[in-house]
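Below is a short note for a colleague who has not seen this structure before. The points follow the sequence and model shown here.

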Amino acid sequence: MRFVLRRLGFFVITLWAAITLNFLIPRLMPGNPAQAMMGQYRGRINPQAIHALEIAFGVNNHQSLLSSYFTYLGNVFRGRFGISLTFFPDQVTHEVLQALPWTLALVGVTTILAFALGTLIGLLAAWRRGGTLDSLMPPIFVITSSFPYFWLAMLAIWLFSIRFHWLPSSNGYSITDNVGWTWTFAYDAFKHALLPAMTILVTSIGAWILTMRNNTITVLTEDYVRMARAKGLRPWRIMWTYAGRNAILPNLTGFAMSLGFVVAGAILVEFVFNYPGVGWMFLHSVESEDYALMQGLFLLITVTVLTAILAADVATVILDPRTRDER
Amino acid sequence: MSAPSIGATDHLATPPVGPAPMVAEVRQGRWGDLWRAIRRNKKAVAGAVILLVFTVIAIFPGQIAPYDGQAMIFEPALPPSWHHLLGTTAQGQDIFSQLIWGTRLSLVIALAVGALATVLAVLVGVSAGYIGGGTDGFLSLVTDVILVLPIFPLIIVIAAYEKNAGLLTLVVVLGVLGWSYGARQLRSQTLSLRRRDFLESARVRGERKSYVILFEILPTMTSLILATFLGAAIYAVLTAAGLQFIGLGDPNSQSWGTMLYWAQNSEALFAGMAWWAIAPGLCIALLGASFALLNYAFDEISSPALRVRKLERSRFPRAEPPPPEPAGANDESVLKVQDLTVAYATDASPVVAVDHVSFDLARGEFLAIVGESGCGKSTLLYAIARLLGSPLPGEIVGGRVLFQGRDLVLLEAKELRRVRWRDISVVMQSAMNALNPVLTVADQMRDACEAHSDMSKREIEERSREVLRLVSIDPVHLHSYPHQLSGGMRQRAMIAMALLFTPDLVIMDEPTSALDVVAQRSLMVQIKELQERLGFAVIFVTHDMSLVSHFSDRLLVMYAGQVAELSETRDLFDRPLHPYSQGLLGAFPSIRGPKVQLLGIPGSPPDLARPPAGCRFAPRCPHADAGCVEAEVPLFGVNGSLVRCVKHETVA
Amino acid sequence: MTEELLRTEGLTRHFRVGKLTSRQTLHAVDDVDLTIGRAEIVALVGESGSGKSTIARMLARVYTPTSGDIWFEGKPLSRLRGRKGRLAYSADVPMVFQDPYSSINPAYRISHGILRGMKLHRGDLSQKQRGAELNRVLESVGLTPVADTQRRFPYELSGGQRQRVGFAQALALRPKLIVADEPVSMLDVSIRVGVLNLMGELREREGVSFLYITHDVASARYLADRVLVMYAGHLVEEGATEEVLQRPKHPYTQLLLAAVPDPRAELGLADARDVGEPPKVVDPKPGCRFRPRCPLAIAKCETVTPLLRELGDGRRVACHVAD
């Protein structure tokens, strides 16, 4: 399991980098923007909280950089990100955790769906080289995967919401509804999530299809696939166990790299649809200069991405015995 | 959101099919070939055209746009018309003009960020890959961390603290954060290049490290560097547009993203100004698509495996073969190959790799097929086993392969599957490649057993152990993965697997060439023993005649896709009939016996895309004369042997 | 043997393997003493993993020895200081590689590598002289017409032709000893002999010595004056070619020779019982490394590593039992 340990170590290092960036950036920016923000807190919260914010943003701080840094680290690990301006007087942590389920539901499900579907379609396309699926798809998906997420979102709104009135154009749920675990609410939320989900799905699936297709084509040239044919195995088994299982491995590694795009896309899509998830809240906090909330959300996004990558790494260990025998 | 380039990472170092002879025509070299390849590829043309259009617009916006994009002088919210091709904005600006004027910024961002990111990626990736050690460890860590950190949110955070960042800041930030993916790819390409001898050769020559990196490594990675550039350009276009869209760019700048920002702010979609929202996005999409198309096209061009070529079957009229003899008339033969012909498509004319090859194989006979690279022996072998297709190109375009009375060429897929492994099994050259790395040996044996029998799990396990013992492998290795076994063991495990059903015919493609001399010898002896014990016939392909000299019953010598000679092994070694066989035998220095000066065979085999008229060996034959090249040379029978030489009586 | 050109003493190379925590040492080459004379062709025979390629790379200064030293023309390599000294050695002892398909940079024409070599090592030549030399070396290796060849790209040449280019690149440096690492193993059989003959010719014409590294004993017999046999990092036998091949003393050499297929001889099945493989020499204990496979092993072989013994007439064997 050394492989997993190594990846965990990487997780920690990256997280540390994100936290440190959070700490350093406001201090490096000219014009000391955080100063203005601090003004908005005065008189509204207790001095300890003020002090914590001063440490986080490097304002009016008489402590040395290094000791500020360690205090900040301590605060982060205790989940104390401060108090949100936009949702005053709620804690940042509280707000963040409110938005998280919405994003997990939308982006999490869609990404997994896109990965699964995309990989499957890519595998099938490569399996039938030269077939209709294979000759049409690559050019189409090459083009669609270079569409900006937000533009596709706008198109979708225009088409399905304005033109055809099939689906709602914004928000996570109708304002008139009562929030709660009821079927009506769930159905309503689902309707609201459909357009954003489709947008993300359509744009991100292209990359999965193409990479899986290319991987599979390369794997199909391998001797062990020819050997499987020679053994007279059924095509389905060859495609699945021999080609598929080997072709997906580089895709899992590539998963990590493409998450960056998914995150970017998710933020923009939530923005366009006013969907109350992490991305929307993140942009909102930027707009209203609610830096405490912004920092908390940035770290949350980072942690989510790292967790997803770790999951992909675990999957690699399960699927590829070569990683188990550390070389 | 482009597809990461896969094919450009490594070119297999395997020799091409047939050595490239000195062609008389003048080749324009790599750039000429590249240009032609680009012209042929539709995606590349499409991408290039779009890019060209945008470039022209970016250079001459004043000449193309009817109005000044910023001027708010028109009536707001007009629908498209002749005066305003795309209507006007909520502020009364002409959308079409804005679009034209906005091209420049978008293109500049794409190219500038692309260039910056590529330079950084090359610096980091190649240095990490080449220098190795601690430097690599550190650089790789930095690369991976930046790769994983959510870039878009990070840029937003930076932009949050400094609003209205200028163009330069945007370019620098995007460039400095966007090189990591390219660096990773360049690093792995460099690592695989490091094993290439020409780099070592340069170092041994005394070149400095910096020279090697700049002039030996980089020129071979041009396609990957280009792919990195294109990928970075796409990333730049989309990310910049995204940032401008959410209002983090300069709202007064002229760019497509900013147009969308204003459109969104003015609720363009709801206010019936759909074009305002759609048009800029379309341009962004098109620009991104042009880069993506070019990227994809270069991928295809640089890795031939990704291209599909169709063979024109019409060029190979299928002559009516003579009716098959009724089964049972000749029980001695387990396999009869008749006039087998295999061809594959190339960028030029199709190549006939196997040309009307015929032979019979008796029950329990050991036939060795011998020849050099490009002679078609592997293609022949896999054609018989019906395993053509990637990576070995080719289709059977004529002839028959009669196995136990049935023509394998005509068999339906399902029927064919039933014959496989039970009656005909295959042993390949490299067990490391032929065994699935993610399955254990036991799994792979079980696969075959389940596909062809009703054996219970226990019976399968028992049988697997049995065949492993047959080849002197301790059955404890049954549950190992291929990479855990040594080379020799893997090879023997493959042979064991081939014997699971004690087939009538085992086809072997150079199964010993990856082993050292001592292991080769012992494996050959083992194969021969098994063959005699279990009674299966063997077709054994090899380039090394002496290897099979003590084991094969008959030897088939192939040259340029044709049978040159077919004799009993001893006869061929004692009295080779074909000048090629003679030449071959004369090319092996011997361990014992007198030391003589050897000559080998000068020249190279012919280019099978344009086979010479008459005898294919004539250009290299010491006995050739005018009579040899007049017409196609048939096979002559001589005392039970076959030889394709018009002068066989005089040359032997 | 002719005048000594190159000599190694106690040449050793170890590699660290394994992860950071468990440090293991791979003994690729241990304690090798060999000599190569002027205008002499010496064959270094062994199988993969025997250490022969590592020795080649130490001679070509790709690796530095873990211990031991190499003397070239009487001067030790460890004392080579400065770029000039190192360059001079690279010119005297160039290397030709095994894989013709990866030993020439595909991005440049054939002339490039040869001219670069001359630029680095024979800077005194004018451009015209370099051109003339280019033609000369291409001619020496039989790549005619020379004007045509030099303009071609590697992919336009066959494997045999590319190997000749490798020799041409070496020749352009006016070498004294060419280290040829399995130069013909990846070539077609009918082409191999031509390249072997070329090496013999170059020795005759230009007086160049060769260290010919191979796993093919028959070709060693064809070309070399002396043979050195390697097993698992050790030099186990040495002597004049005919002597070693007709009267092998070390059990491994005997096994090796018995395994070489010779169509004209009768097949001896008895000696093919051996199913062993050469060991991966990681953190070895003392004792003979061939012991597990040796039919003649005695108790001493288990604990004492045999050293090379002189048997007279330039013959040396590393075995307790051999006479």
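1. Of the 652 residues of chain B, 52% count as buried. Please keep in mind while reading that this is a predicted model.

2. The secondary structure of chain B consists of 24 helices and twelve strands. Its radius of gyration is 33 Å, whereas the globule rule gives 26 Å for 652 residues; the value is well over that figure, so chain B is more spread out than a compact globule. The C-alpha trace of chain B spans about 100 × 60 × 60 Å along its principal axes.

3. S302(B) belongs to helix α13 of chain B, which covers residues 274-302. Is S302(B) buried or exposed? S302(B) has 20 other C-beta atoms within 10 Å, and 20 or more is the cut-off for a buried residue, so S302(B) is buried. From S302(B) to T440(B) there are 138 residues in sequence, and the C-alpha to C-alpha distance is 34 Å.

4. Chain B also has an interface with chain A. There, 79 residues of chain A are in contact with 70 residues of chain B. On the side of chain A that touches chain B, the helices that each supply at least two residues include α1 (2-28), α8 (183-220), α10 (235-273) and α12 (291-319) of chain A. The largest share, 13 residues, comes from α10(A). By class, this side of chain A has 51 nonpolar, 17 polar and eleven charged residues.

5. Turning to chain C, an open sheet of four strands has the order β2-β1-β4-β5 (chain C), and its pairing is antiparallel. Which strands form the edges? They are β2 (24-37) and β5 (75-76) of chain C, each of which pairs on one side only.

6. Within this sheet, strand β1 of chain C (residues 4-17) pairs with β4(C) in the antiparallel sense over five bridges. T12(C) is the residue that stands opposite S67(C) in β4(C).

7. On to the next pair of strands. Strand β4 of chain C (residues 67-72) and β5(C) run antiparallel and are joined by two bridges. F72(C) stands opposite K75(C) in β5(C), and W71(C) has P76(C) in β5(C) as its bridge partner. The hairpin of β4(C) and β5(C) has two residues between the strands, and in this hairpin E73(C) takes a positive phi near 50 degrees.

8. Another open sheet of chain C has eight strands in the order β6-β7-β8-β3-β9-β10-β12-β11 (chain C), with mixed pairing. Its edge strands are β6 (95-96) and β11 (309-312) of chain C, each pairing on one side only.

9. Which way do β3 and β9 of chain C run, parallel or antiparallel? Strand β3 (residues 41-45) and strand β9 (residues 226-231) of chain C run parallel and are joined by four bridges. V42(C) stands opposite R226(C) in β9(C).

How values were computed:
Residues numbered from 1 in each chain as written. Chains lettered and ligands numbered in written order. Predicted model: local features only at pLDDT ≥ 70, side-chain atom pairs only at ≥ 80, totals over all residues. Rg over C-alpha atoms; globule rule 2.2 N^0.38 Å. Buried ≥ 20, exposed ≤ 12 C-beta atoms within 10 Å, placed from the backbone. Pairing = 2+ DSSP bridges. Contact = placed C-beta atoms within 7 Å. Nonpolar A, V, L, I, M, F, W, Y, C, P; charged D, E, K, R; others polar.
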